[in-house]
Amino acid sequence: MPNIKSAMKRDAKSKELRAKNRADKTALKTVMKKFDAAVAGGDKTAAAESYKVAVKAVDKAACKGLIHKNNAAHKKSAMTVALNKMD
């Protein structure tokens, strides 16, 4: 436990940020799973809708620094390939 007042503040702030980052990552994973479920279900329109939402979420996560930009590009590419294979 920190004894200095500024260290206590920083500790509290880091806990808040960690909780927010975990929540944001969990939300990203949920969106990705919804897209995967739509692709597995075979519904092209639902997959296309969830694709738009997922790509936007991945871009936001990369912009915020939750995931690396190359990781975001890899995820988007994989989703695009999966969507295009549905025919």
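## Helix 3

Helix 3 has 17 residues and spans 24 Å from its first C-alpha to its last, close to the 24 Å expected at 1.5 Å a residue. Helices here are DSSP runs (H or I, at least four residues), numbered from the N terminus. The expected span is 1.5 Å times one less than the number of residues.

Ala72, Met79 and Leu83 are buried in helix 3. They cover an arc of only 35 degrees around the axis, so they sit on the same side of helix 3. The arc is taken from the directions that run from the helix axis to the C-beta atoms. Buried means under 20% relative accessible area, exposed over 50%, and partly exposed in between (1.4 Å probe, protein chains only). The buried residues of helix 3 pack against helix 1 and helix 2. Contact means heavy atoms within 4.5 Å. The face turned away from the buried side carries the exposed residues Asn70, His74, Asn84 and Lys85.

## Basis of the model

This is a predicted model: local features need pLDDT of at least 70, side-chain atom pairs count only at pLDDT 80 or more, and totals for chains, interfaces and linings use all residues. Residues are numbered from 1 along each chain as its sequence is written, and side-chain values use heavy atoms, with hydrogens and water left out.

## Alanine 73

Alanine 73 lies in helix 3. It counts as partly exposed because its relative accessibility is 42%. Its C-alpha is separated by 8.5 Å from that of valine 58, 15 residues apart along the chain.

## Helix 1

Helix 1 runs over residues 5-41. Its 37 residues reach 54 Å from first C-alpha to last, close to the 54 Å expected at 1.5 Å a residue. Glycine 42 follows helix 1, with a positive phi near 85 degrees.

The buried residues of helix 1 are Leu28, Val31, Met32, Phe35 and Ala38. Their cover includes helix 2 (44-64) and helix 3 (69-85).

## Largest pocket

The largest pocket has a volume of about 150 Å³. Its lining is Asp24, Ala27, Leu28, Val31, Ala57, Lys60, Ala61, Lys64 and Leu66. Helix 1 and helix 2 are the elements that give two or more residues to this lining. By class, the lining has six nonpolar, no polar and three charged residues.

A pocket is an open set of points on a 1 Å grid over the protein atoms alone, where a 1.4 Å probe fits, with protein on both sides within 12 Å along at least five of seven lines; lining residues have an atom within 4 Å of a point. The volume is the space filled by probe spheres set on the points, which are joined across faces, edges and corners. Ala, Val, Leu, Ile, Met, Phe, Trp, Tyr, Cys and Pro count as nonpolar, Asp, Glu, Lys and Arg as charged, and the others, Gly among them, as polar.
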